[in-house]
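Me: Hi! I'm new to this one and would like a friendly walk through it. Can we look at it together?

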Amino acid sequence: MGAAASFALDFLLPPACPVCRARCDRNGALCAECWNGLDFLTPPWCDVLGTPLPYDPGVPTISPAATADPPPWQRARAAVIYGERAARLVSALKYRDRMEVARPMAAMMARAGAELLADCDLIIPIPLHYRRLWARRFNQSGELARHLKHLSGKPGVNDALIRLRPTRRQVGLNATARARNVAGAFRVAPDRTADVSGRRVLLVDDVLTTGATLRAAARALRRAGAIVDVLTFAMVVEDA
Ligand SMILES: [Zn+2]
């Protein structure tokens, strides 16, 4: 939308929360209730998984879960724990095309992932399969990555990863089924291999659930010679 059209809309409509449509102070901002309903992740966290640690060890620490089943990335961070309000933001962006939620979501991600953003050479979103992209019109991870590029000034490539086949929706699948569903689903585009080889890539998605999708994508990037960090808006945390 152009600035003039946006201005006209601001003038006609009172600012509304992009999640719940309650009145709020300014356009694009969450209302106090939605903001306060979010469970922000803050240190101390596991350096590899980004999950909360029960106490502050004072030095970068790896949780037992990360040691038991090391992911193919170096560090993952998320802005919030996946809960009821976080789910509303994610679905507002994903299924209801409320693109204006992407900016505040990306701003929260930039805060949680400040260190990762500062260290990265390239920002890459998890792609949708083209058939699903066509049906839904836009990729929510691409939208978050676009705002993160803008906020950090770091470059990004949207077409570095190719989704080889449309995967079933992960909802309702257990961890093993999820891993099987996405195994080998990604590869690095042949003409992008030189861009990612030897570079530190920040892989962006909306939610880290079991991590099956992000693990499959990170593995593809690693095979192409990239060092991978992961930044998502929300993260499922057991017993949170
Ligand atoms: Zn709200």
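Me: Let's start with one cysteine. Is Cys 46 buried or exposed?
Reply: Cys 46 counts as buried, because its relative accessibility is 0%. Keep in mind that this is a predicted model.

Me: And Cys 34, buried or exposed?
Reply: Cys 34 is buried as well, with 0% relative accessibility.

Me: How many disulfides are there?
Reply: Zero disulfides turn up in a search of the whole structure.

Me: OK, then what coordinates the zinc ion?
Reply: Four cysteines do that through their SG atoms: Cys 17, Cys 20, Cys 31 and Cys 34, at 2.3 Å.

Me: What geometry does the site of the zinc ion have?
Reply: The site is tetrahedral, and the angles among the four donor atoms run from 104 to 113°.

Me: What spacing do the donors follow along the chain?
Reply: The zinc donors are spaced as C-x2-C-x10-C-x2-C.

Me: Where do Cys 20 and Cys 31 lie?
Reply: Both Cys 20 and Cys 31 sit in the loop between α1 (3-12) and α2 (32-36), so this pair ties together parts that are eleven residues apart in sequence.

Me: Which of those are buried or partly exposed?
Reply: Cys 20 counts as partly exposed, at 29% relative accessibility. Cys 31, on the other hand, is buried, with a relative accessible area of 7%.

Me: Changing topic: how many salt bridges does the structure hold?
Reply: There are 14 salt bridges. As background, side chains of opposite charge can pair when their charged atoms come close.

Me: Let's pick one. What does Asp 69 pair with?
Reply: Asp 69 forms a salt bridge with Arg 215, and their closest N and O atoms are 3.4 Å apart. This pair links distant parts of the chain: Asp 69 is in the loop between α3 (64-68) and β2 (75-81), while Arg 215 is in helix α11 (residues 212-223), 146 residues apart.

Me: How accessible are Asp 69 and Arg 215?
Reply: Asp 69 counts as partly exposed, at 43% relative accessibility. Arg 215 is buried, with a relative accessible area of 14%.

Me: What about Arg 75, which residue does that form a salt bridge with?
Reply: Arg 75 pairs with Glu 115, with 3.6 Å between the closest N and O atoms. Arg 75 lies in strand β2 and Glu 115 in helix α6 (residues 114-119), so the bridge ties together parts that are 40 residues apart in sequence. Arg 75 itself counts as buried, at 9% relative accessibility.

Me: And Arg 200, what's its partner?
Reply: Arg 200 forms a salt bridge with Asp 229, the closest N and O atoms being 2.9 Å apart. Since Arg 200 lies in strand β6 (residues 200-208) and Asp 229 in strand β7 (residues 227-235), the pair ties together parts that are 29 residues apart in sequence. Asp 229 is buried, with a relative accessible area of 0%.

Me: Which residues are linked in a network of salt bridges?
Reply: Arg 75, Glu 115, Asp 119, Arg 200 and Asp 229 are linked in one.

Me: Last topic: where is Lys 149 found?
Reply: Lys 149 is in helix α8 (residues 140-152).

Me: What does Lys 149 touch, then?
Reply: Leaving out residues up to four places away in sequence, Lys 149 touches Ile 123, Lys 154, Pro 155, Gly 156 and Asn 158.

Conventions
Residues are numbered from 1 along each chain as its sequence is written. This is a predicted model: local features need pLDDT of at least 70, side-chain atom pairs count only at pLDDT 80 or more; totals for chains, interfaces and linings use all residues. Side-chain values use heavy atoms; hydrogens and water are left out. Donors are N, O and S atoms within 2.8 Å of the metal (3.2 Å for Na, K and Ca); water is not among the atoms, so sites may look incomplete. Four donors count as tetrahedral if all angles lie between 85 and 135 degrees; four count as square planar and six as octahedral if opposite donors are over 155 degrees apart and all others between 65 and 115; anything else is irregular. Helices (H or I, at least four residues) and strands (E, at least two) are DSSP runs, numbered from the N terminus. Buried means under 20% relative accessible area, exposed over 50%, partly exposed in between (1.4 Å probe, protein chains only). A salt bridge is a side-chain nitrogen of Lys or Arg within 4 Å of a carboxyl oxygen of Asp or Glu. A disulfide is a pair of cysteine sulfur atoms within 2.5 Å. Contact means heavy atoms within 4.5 Å.
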